[in-house]
Amino acid sequence: LIADKLVGNIAINALKLRSNNITVKGCTALCESMQHMTSTGDGSDKSITYLDLNGNPLGEISCDTLCNMLRSNSSVVHLDLGNTEIGTMTLIQLAKVMWYNNTVRVLNLENPRIYDKEETTTYHLAKMVRANRSLAELYLGKHKIGDRGAQLLAEYLEDNATLRVLDLRCNKIGVAGAEAFAILLMRGGGVLATLN
């Protein structure tokens, strides 16, 4: 129903659909509707800039739909996909899409379903941090990031001039990972204002 209304004449800039049991079917309908939204000629904007799907069981199957929406929709500035049961493949694909996305400023990917002990997703997220030139806030809590992943993130942050907030709460970062961030901050690398 919401997706159907988006393609009508309603001007909505924010969708806050936190914890509404939206599944793959609902996510697909929503993203497809967002792909068809455009600015009207009368000066009113019909594009979503704030999308909060936190707490909805989107899972892995919604990956293609979300990535296609991000590729074709250049208006989303705030995207919250925390606690949506996305997994390794979705995170990798989202990270690759975000290499080229220049509109999303705030991205929440907290608490994914990761079972890979090699920190594959952290590698792709670090490459995203290095390549992306628009992200100002990134939330990666509960990603099982260890020392090796933290060192990689810190190294790639040196090439990023836009990320101001990095939230790494509830990960597995030890002394070596903390030292990597300390060195980054002492060198003045990156522009981080908040590091959790």
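This is a predicted model: local features need pLDDT of at least 70, side-chain atom pairs count only at pLDDT 80 or more; totals for chains, interfaces and linings use all residues.
Biologist: How do the axes of helix 5 and helix 6 run, roughly parallel or roughly antiparallel?

Modeller: The two axes lie 8 Å apart, and helix 5 packs on helix 6 at an angle of about 10°. Angles under 35 degrees count as roughly parallel. Helix 5 is therefore, relative to helix 6, roughly parallel.

Biologist: Which residues of helix 6 meet helix 5, and how does the contact divide by class?

Modeller: From helix 5 come Thr122, Tyr123, Ala126, Lys127, Val129 and Arg130. Their partners in helix 6 are Gly149, Leu152, Leu153, Glu155, Tyr156 and Leu157. By class, the residues of this contact are seven nonpolar, two polar and three charged.

Biologist: Where does the charged end of Arg130 sit?

Modeller: Arg130 of helix 5 and Tyr156 of helix 6 are both among the residues where these helices meet. The charged end of Arg130 is 3.7 Å from the centre of a ring and sits over it. That ring belongs to Tyr156.

Biologist: What covers the buried residues of helix 4?

Modeller: The buried residues of helix 4 are Thr88, Thr90, Leu91, Ile92, Leu94, Ala95, Val97, Met98 and Trp99. Their cover includes helix 3 (63-72), strand 4 (106-108) and helix 5.

Biologist: How many aromatic pairs does the structure hold, and which residues form the pair?

Modeller: The structure holds one aromatic pair. Tyr100 counts as exposed because its relative accessibility is 68%, whereas Trp99 is one of the buried residues of helix 4.

Biologist: At what angle do helix 6 (residues 147-157) and helix 7 (residues 175-187) cross, and which residues of helix 7 are involved?

Modeller: The axes come within 7 Å and cross at roughly 10°, which means that helix 6 is roughly parallel to helix 7. The contact has nine nonpolar, two polar and one charged residues. Helix 6 contributes Asp147, Ala150, Gln151, Leu153, Ala154 and Leu157. On the helix 7 side the residues are Val175, Ala176, Gly177, Ala180, Phe181 and Leu184.

Biologist: How far is the C-alpha atom of Ala131 from that of Asn160?

Modeller: Ala131 is found in helix 5 (residues 120-131), and at 34% relative accessibility it counts as partly exposed. Asn160 is 29 residues apart from Ala131 along the chain. Their C-alpha atoms are separated by 7.5 Å.

Biologist: Which residues are in contact with Lys16, leaving aside neighbours within four places in sequence?

Modeller: Lys16 is found in strand 1 and is exposed, with a relative accessible area of 59%. Its charged end sits over the ring of Tyr50, 5.0 Å from the ring centre. Asp80 is 64 residues apart from Lys16 in sequence and 9.3 Å apart in space, C-alpha to C-alpha. Beyond its neighbours within four places, Lys16 is in contact with Tyr50 and Asp52.

Biologist: What is the phi of Asn21, and what is the phi of Asn111?

Modeller: Most residues other than glycine have a negative phi. Asn21 lies in the loop between strand 1 (14-16) and helix 2 (24-36), and Asn21 is exposed, with a relative accessible area of 59%. Asn111 has its place in the loop between strand 4 and helix 5. Neither is a glycine, yet Asn21 has a positive phi of about 60°, and Asn111 has a positive phi of about 60°.

Technical notes:
Residues are numbered from 1 along each chain as its sequence is written. Side-chain values use heavy atoms; hydrogens and water are left out. Axes are lines fitted to C-alpha atoms, for helices over the stretch in contact, and angles run from 0 to 180 degrees between N-to-C directions. Helices (H or I, at least four residues) and strands (E, at least two) are DSSP runs, numbered from the N terminus. Angles under 35 degrees count as roughly parallel, over 145 as roughly antiparallel, 65 to 115 as roughly perpendicular and the rest as oblique. Contact means heavy atoms within 4.5 Å. Ala, Val, Leu, Ile, Met, Phe, Trp, Tyr, Cys and Pro count as nonpolar, Asp, Glu, Lys and Arg as charged, and the others, Gly among them, as polar. Rings of Phe, Tyr and Trp (its six-membered ring) pair if their centres lie within 6.5 Å; planes under 30 degrees apart count as stacked, over 60 as edge-to-face and the rest as tilted. Buried means under 20% relative accessible area, exposed over 50%, partly exposed in between (1.4 Å probe, protein chains only). A charge sits over a ring if NZ of Lys or CZ of Arg is within 6 Å of the ring centre and within 35 degrees of the ring normal.
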